[in-house]
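The following paragraphs lead through part of a protein model, beginning with a helix pair and then turning to strands. Please keep the structure in view while reading.

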Amino acid sequence: MEMDYWVSIPKVELHAHLNGSVRDSTLLELAKELGEKGIILFSDVEHVILKNDRSLTEVFKMFDLIHILTTDHDTVTRITKEVVEDFASENVVYLELRTTPKRNDSRGMTKHSYMEAVVEGLRRVDAFNIDFALTETELWKKGTSCQRNNECGCLSKRKIYVRLLLSIDRRETLEAAMETVKLALDMRNLGVVGIDLSGNPKVGEWTTFLPALRFAREQGLRVTLHCGEVPNQEEIHGMLDFLPERIGHACCLEEDAWRKLKTSKIPVEICLTSNIRTNTISSIAVHHFADLYSTKHPLILCTDDSGVFSTSLSKEYAIAAAAFGLGKKEMFQLAKNAVEYSFAEDKVVSELKDFFDTVEAEFSL
Ligand code: 5GP
């Protein structure tokens, strides 16, 4: 099937890391600027940015480099706007974007100001009609007059809902993780709906963060965990017993854990290209998507890091359709089902379901 088709169908993205989704062209531009200022050696980083195959360990080195390039307020705002516009332009109608709030004393950045820069990026999206839980004041500030005569052209633009997840990096302390959860709670009216645990799976113990994750849950935030990127069965069992609202990857589960996952019905965020590129799964032919799909286990196709892995959600749909022999109808259904597993508020879920129903009827899918 043509790539155009996968671009054209409405899609839902639930596992995308902000700094992993930055365009190569933006990274190169930022690297050039820092090179000119003598902060980095451009020739050293250019080939790293353009490299395509990276092991899991190399991927985390790449993130350290990306963070050097992106972690100031203006750049965080810029990449947020660009990432949202990139997803919207390939017909992603709901995006749950996750990012790790960062403190950077040398740039006067706190976790709070980092997140303000992210939200500013959402406000600056103008090529699309963005819904990111604007409060009344925000609406006023944005001067959204579209409800009166569509003066700003807002109503004629394609719509994308964006909600945010704040990530805890496994390198952090419990205290830092708590700060992130409290920040998420403070920013609920700006579309923060949950907490993610990510970062290098070979680093730290997930149990360090349990008090913060429990607190998040008690306060009504949803939780998703990167689970099973490495074959640490004790950790995998512990994570599944916690019953997070979703998990990411689920690659290295031995039989017991696999059975537990299936019984739990925890939805799995599947990132095909990421798993193959990092060699977490040896080939698409043996990917666990097939088993989960055939047993009707809740799953969502996602990109993980569209920039780092040179992919897009449309490409992931194309890959899944070709590899697992799925047709237009099945793939559309997969996208539609993803709405159910989002962390958005009921009103948004219901609007999205109506939208998918309308498209389905229109195209007799
Ligand atoms: P950020 O949170 O800085 O916006 O996005 C990049 C960060 O997301 C990385 O530093 C890392 O902590 C996390 N991340 C991105 N991709 C992966 C992945 O495939 N696995 C894990 N465990 N963490 C990831």
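**Helix packing and parallel strands**

Helix α8 and helix α9 cross in the right-handed sense, that is, the near helix is turned clockwise from the far one by less than a right angle. The model is predicted, with local features needing pLDDT of at least 70 and side-chain atom pairs counting only at pLDDT 80 or more, while totals for chains, interfaces and linings use all residues. Residues are numbered from 1 along each chain as its sequence is written, and side-chain values use heavy atoms, without hydrogens and water.

The axes of α8 (residues 174-186) and α9 (residues 210-218) come within 8 Å and cross at roughly 15°; axes are lines fitted to C-alpha atoms over the stretch in contact, with angles from 0 to 180 degrees between N-to-C directions. The two helices are therefore roughly parallel, a term for angles under 35 degrees. In α8, Leu174, Ala177, Met178, Val181, Lys182 and Leu185 meet Pro211, Ala212, Phe215 and Ala216 of α9 (heavy atoms within 4.5 Å). These contact residues comprise 9 nonpolar, no polar and 1 charged, with Lys counted as charged and Ala, Val, Leu, Met, Phe and Pro as nonpolar.

Helices (H or I, at least four residues) and strands (E, at least two) are DSSP runs, numbered from the N terminus. Strands β6 (residues 222-227) and β7 (residues 246-249) pair in parallel over 4 bridges, pairing requiring at least two DSSP bridges. Here His226 stands opposite Gly248 of β7. From β6 the chain passes through helix α10 (residues 233-242) to β7 in a right-handed β-α-β crossover: with the strands pointing away from the viewer, the path from the first strand over the helix to the second runs clockwise.

Definitions and conventions
Parallel < 35°, antiparallel > 145°, perpendicular 65-115°, else oblique.
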